[in-house]
Amino acid sequence: YREGNEYLTVGGIKRWVDGALGSHGAGLLEPYPDLPTSTGLNLVTPEELRESARVAAEHRLQLCSHAIGDRANRETLDAYEEVLATVPDGRERRWRVEHAQHLHRDDIGRFAELGLVAAMQPIHCVSDGPWVPVRLGERRAREGAYVWRDLLESGAVIASGTDVPVENVDPIANFHAAVTRQTSDGSVFHPDQRMTRMEALRSMTSDAAWAVFEEDRKGTLEVGKLADITVLSLNPLTAPEQEIRRTEILYTVVGGDVRYRVRP
């Protein structure tokens, strides 16, 4: 079930399962090393989440759940698995986990197994990277934080967004974060989890369109689809890493109409 047009579409339910990692609100399986009395928050109970999932499944709505910590992600995956098993096309519902920032190793493969979308924001990795090991500890940060490579190799779909207004609406910064994982201090946060440039591009275009059931009209340049095009000052697939952030938007074309052009 979806209602809307090319600009705004409504077809889902969003639930907040936990809070944010920075404020010790992300729901963790183990206590915070820097706050050992806490394992974070539950903003909904597992029972409430399952009921939302049941309603979404009954009405063919896409369920999108904010889950940042490994416990919140596991509870979300458990609820999704239980409810999607009750409908014959469960793997085709494309239910999403928003953020999926910290995962237990045992849960990484479940995204692909259940046909779920990991709706992630690469820019969070480089914004949060300097202090993530403080919140999670070095081992847990290495094994489960922003594990894009592990998710992709398991067969999961990653749809990359910017999470505006928490972060700036800047796709160039997001692309740079995905392919470099370079933080503001110049360090690189676990580079083995980086995306390739083509993977990063797909996650922001064709996979993002697929994640909202719009792959028939958005995400790639093909006959019959909307002519939504951005013209850049350089090619981010081939430019040196240090040049990517200097990319400028020269033109924005929406539905075949030029809506923005840089002034000469």
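Predicted model: local features only at pLDDT ≥ 70, side-chain atom pairs only at ≥ 80, totals over all residues.
Two packed helices are described by the angle between their axes and the distance between the axes. For α8 (residues 171–180) and α9 (residues 197–204), the axes come within 9 Å and cross at roughly 140°, where axes are lines fitted to C-alpha atoms, for helices over the stretch in contact, and angles run from 0 to 180 degrees between N-to-C directions. That angle makes α8 oblique to α9, given that angles under 35 degrees count as roughly parallel, over 145 as roughly antiparallel, 65 to 115 as roughly perpendicular and the rest as oblique. On the side of α8, P171, N174, F175, A178 and V179 take part, and they meet R197, A200, L201 and M204 of α9, with contact meaning heavy atoms within 4.5 Å. The residues of this contact divide into seven nonpolar, one polar and one charged, where Ala, Val, Leu, Ile, Met, Phe, Trp, Tyr, Cys and Pro count as nonpolar, Asp, Glu, Lys and Arg as charged, and the others, Gly among them, as polar.

Helices (H or I, at least four residues) and strands (E, at least two) are DSSP runs, numbered from the N terminus. Residues are numbered from 1 along each chain as its sequence is written. Local features need pLDDT of at least 70 and side-chain atom pairs count only at pLDDT 80 or more, while totals for chains, interfaces and linings use all residues, and side-chain values use heavy atoms, with hydrogens and water left out.

Strand β9 (residues 249–254) is joined to β10 by four bridges in the antiparallel sense, and Y251 has R261 of β10 as its bridge partner.

A parallel pairing, also over four bridges, links strand β6 (residues 117–120) with β7, and there M120 is the bridge partner of S160 in β7. In a regular strand the side chains alternate between the two faces of the sheet. Both faces of β7 (residues 157–160) are covered, with V157 and A159 on one side and I158 and S160 on the other, all buried, where buried means under 20% relative accessible area, exposed over 50% and partly exposed in between (1.4 Å probe, protein chains only).

Most residues other than glycine have a negative phi, and most peptide bonds are trans. In the loop between β7 and α8, which holds P165, a cis peptide bond joins V164 and P165, with omega about 10°. H24, in the loop between β3 (12–16) and α1, has a positive phi of about 65° although it is not a glycine, and at 19% relative accessibility H24 counts as buried. A100 likewise has a positive phi, near 45°; A100 lies in the loop between β5 (96–99) and α3 (110–114) and is buried, with a relative accessible area of 0%.

Methods
Pairing = 2+ DSSP bridges.
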